[in-house]
Amino acid sequence: MNKQNVIFLTIAFFLISCGGSEKKTAKNEVVESEISTNELEKGEQLYRAKCMNCHMIKGGGIEKVFPPLANSDYLKKNREDAIKMVKFGSNKPIKVNGVKYNSLMPASGLTDKELVAVFNYILNSWGNDYGQVSLEEVEAVKR
Ligand code: HEC
């Protein structure tokens, strides 16, 4: 191999590796815009441990006592407020799908990261198709 070939190959190698890393970034962006199965599983585990007792396994709640999360117009329309309620607890009167609720939900005690996982789970389970939350969005929710 002569010197010119070596230089050519070195340049080609750099071009390929740069191209490669660009593709990787693009791929990471795609992954970020969907919720990974891993994240959904984490959310489901948290849901079972921290929310299911009241909101029930399929998110149906118990009418007039614990509001539903499945097909909840409240969750769909007041996402920021819903995050606030789960983050800090809530006992204000609310209406979900036309039914009044005014019982107590204690603060979840979850970290912001865990809240992201559990919200992405409830926003996308039991037929809900309510989009997704980011860590920035959850962090921005203050009392
Ligand atoms: C001790 C029972 C209890 C637990 C545990 C509980 N909730 Fe709630 N949740 C409630 C009650 C009661 C309300 C209505 C609160 C009010 O009237 O202010 C509510 C309201 C909500 C709402 C808004 C209303 C709606 O139905 O869309 C969301 C969203 C929610 N809870 C999610 C969660 C999540 C996520 C968890 C687990 C991290 C959780 N809850 C744990 C009892 C509970």
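Predicted model: local features only at pLDDT ≥ 70, side-chain atom pairs only at ≥ 80, totals over all residues.
**View 1. The chain and its run of elements.** Here you get 7 helices and 2 strands. Start at the N terminus and the order goes α-α-α-α-α-β-β-α-α. Of the 143 residues in the chain, 29% are buried. Take the contacts with a separation of 6 or more: 55% of them come from residues 24 or more positions apart.

View 2. Two residues reach in from the protein: His 55 through NE2 and Met 105 through SD. Both donor atoms sit 2.0 to 2.1 Å from the iron. Count up the donor atoms around the iron and you get 6, with angles of 86 to 179 degrees, so the arrangement is octahedral. For six octahedral donors, the ideal angles are 90 or 180 degrees.

**View 3. Where the His 55 and Met 105 pair comes from.** His 55 belongs to helix H3 (residues 52–55). Met 105 is in the loop that links strand E2 (99–101) with helix H6 (112–123). The pair therefore ties together parts that lie 50 residues apart in sequence.

**View 4. His 55 and Met 105, buried or partly exposed?** His 55 has 11% relative accessibility, so His 55 counts as buried, the cut-off being under 20%. Met 105, at 23%, counts as partly exposed.

Notes: Residues numbered from 1 in each chain as written. Heavy atoms only, no water. Helix = DSSP H or I, 4+ residues; strand = E, 2+ residues; numbered from the N terminus. Buried < 20%, exposed > 50% of the residue type's maximum accessible area, 1.4 Å probe, protein only. Contact = heavy atoms within 4.5 Å. Donors = N, O, S within 2.8 Å, 3.2 Å for Na, K, Ca; no water. Tetrahedral: all angles 85-135°; square planar, octahedral: opposite > 155°, others 65-115°.
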